[in-house]
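Okay, everyone, let's get going. Have a look at the fold on the screen, and I'll talk you through it.

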Amino acid sequence: MKEKIEQIKKQALAEIIEATSVEIAEELRIKYLGRKSDFTNILKSLKDLTGEERKTVGQLANTVKAEIESAFTQKEKELKEKSFDFAAEKIDVTIPAKKMKRGHLHPLTKIQNELEDIFTSMGFEVADGPEVETEFYNFDALNMPKNHPARDMQDTFWLKGLHANERVAMRTQTSAVQVRYMEKHVPPYRIIVPGRIFRNEATDSTHEHTFHQFEALVVDKNINVGNFKFIAQEFFSRFFKKDVKVRLRPSYFPFTEPSFEFDISCTMCGGKGCSGCKNAGWLEIGGAGMVNQFVFESAGYKRNEYQGFAWGFGIERLAMMKYKINDIRLFHSGDVRFTSQF
Ligand code: FA5
């Protein structure tokens, strides 16, 4: 039996060396080590041998089996390496790379950056304040006490439990930053306050519940409406890159006196009248006025010591004018078909 095992080993190793493909090697594996092979039959018949014989023949059979298996493994490895198709794996380094999709700034951020650039070039400072604001800075300090009818137009989201003694709300206007800034600075100063604000509004194509405003505040000893008009005209002309005129209409805000709404000459027809301005020749922009002395007093200034003007308008509405966007809700829709156009 030992000779038979040695003979199988010799024959198997010789044939394995000659194998020219992985398939042939696999056939040989079945032939020599498969269930119906002579070798397997020998292993099965070991049980009929006497104790000592079974031991020596068994040991030999196991060693030979391991040798044949290792020869197969070695051969298979060699054949696989040889048959590897390097041509199919080649990389053409001249093929242009796939274009990476790069993100970019949101249109509102771009507009805000533009506004800041123009105003800082005119000597303004950019100021900021919290979006969660106290009732004092958002309303009372601005001459809008509890039950003042002007509060109705800025219904907001009140927050519970943040301050023990004071009510806090999501701010409804960037004007809330006025008194905060005044308290910490001594005039003269000119600031802009771009920022997000919140109102409890039913939304439609021109109204959002969360939107951005842009406040300007200039305070000194001798500021007048003419200063406001000049700066506004200068800003809008630079922003729209054409000559823009500013028009004031009487209005009311508790924190300015006198107050006005201001319009700019239509940026499409230059004031002649077109479908964009509904033939008015003017586009409504925002609210403005001379700072009410009550507001200076809220900040601890003496009445009539300073004068100033302030204005506020919606950044979304301005972006809609510049880019001819017909629905304000697109800005926060998260729809990349919209944002990728800018
Ligand atoms: C104010 O919020 C005042 N704080 C503006 C102001 C500042 C007046 C300084 C005087 C001095 P008003 O509520 O009108 O005013 O809002 C100002 C601008 O915000 C509007 O002209 C409009 O451009 C924009 N706006 C108001 N409500 C919405 C809304 N729901 N969605 C989008 N934009 C709005």
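Let me start with a term: a salt bridge here is a side-chain nitrogen of Lys or Arg within 4 Å of a carboxyl oxygen of Asp or Glu. A bit of background on that: side chains of opposite charge can pair when their charged atoms come close.

Now, the ground rules. This is a predicted model, where local features need pLDDT of at least 70, side-chain atom pairs count only at pLDDT 80 or more, and totals for chains, interfaces and linings use all residues. Residues are numbered from 1 along each chain as its sequence is written, and side-chain values use heavy atoms, with hydrogens and water left out.

Okay, salt bridges. The structure holds 19 of them. One is between Lys-322 and Glu-114, with 2.8 Å between the closest N and O atoms. Lys-322 is in helix 10 (residues 315-323) and Glu-114 is in helix 5, so this pair ties together parts that are 208 residues apart in sequence. When I say helix or strand, I mean DSSP runs, numbered from the N terminus: H or I over at least four residues for helices, E over at least two for strands.

Next salt bridge: Glu-135 and Lys-146, at 3.4 Å from N to O. Glu-135 is in helix 6 (residues 135-138), while Lys-146 is in the loop between helix 6 and strand 3 (158-159), so the pair ties together parts that are 11 residues apart in sequence. Glu-135 is buried, with a relative accessible area of 5%, whereas Lys-146 is partly exposed at 49%. And there's a network here: salt bridges with shared partners join Glu-135, Asp-140, Lys-146, Arg-151 and Arg-167. Arg-167 also lies over the face of Trp-158, at 3.9 Å from the ring centre.

On to the sheet. How many strands form it, and in what order? Seven, in an open sheet with mixed pairing, ordered 1-5-6-10-9-8-7. Two strands pair if DSSP finds at least two bridges between them. Strand 1 (125-126) and strand 7 (246-253) are at the edges with a single partner strand each, so one side of each has no neighbour in the sheet.

Let's walk along it. Strand 5 and strand 6 are antiparallel, over 10 bridges, and Ile-192 has Ala-216 in strand 6 as its bridge partner. Strand 6 also pairs with strand 10 in the antiparallel sense, over eight bridges; there, Asp-220 is partnered by Gln-307 in strand 10.

Contact means heavy atoms within 4.5 Å. Helix 5 (residues 107-121) lies across strand 1, strand 5 (189-198), strand 6 (210-220) and strand 10 (307-314), and runs at about 170 degrees to strand 5. Those angles run from 0 to 180 degrees between N-to-C directions, with axes as lines fitted to C-alpha atoms, for helices over the stretch in contact.

Last topic, aromatics. A search of the whole structure finds 29 aromatic pairs. Rings of Phe, Tyr and Trp (its six-membered ring) pair if their centres lie within 6.5 Å; planes under 30 degrees apart are stacked, over 60 edge-to-face, and the rest tilted. Take Phe-119 and Phe-235: their centres are 4.8 Å apart and their planes at 35 degrees, so the pair is tilted. Phe-119 sits in helix 5 and Phe-235 in helix 8, 116 residues apart. Phe-235 is buried, with a relative accessible area of 0%. Phe-235 also forms a stacked pair with Phe-313, 6.3 Å centre to centre and 20 degrees between the planes. Phe-313 is in strand 10, 78 residues from Phe-235, and is buried at 2%.

Technical notes. Buried means under 20% relative accessible area, exposed over 50%, partly exposed in between (1.4 Å probe, protein chains only). A charge sits over a ring if NZ of Lys or CZ of Arg is within 6 Å of the ring centre and within 35 degrees of the ring normal.
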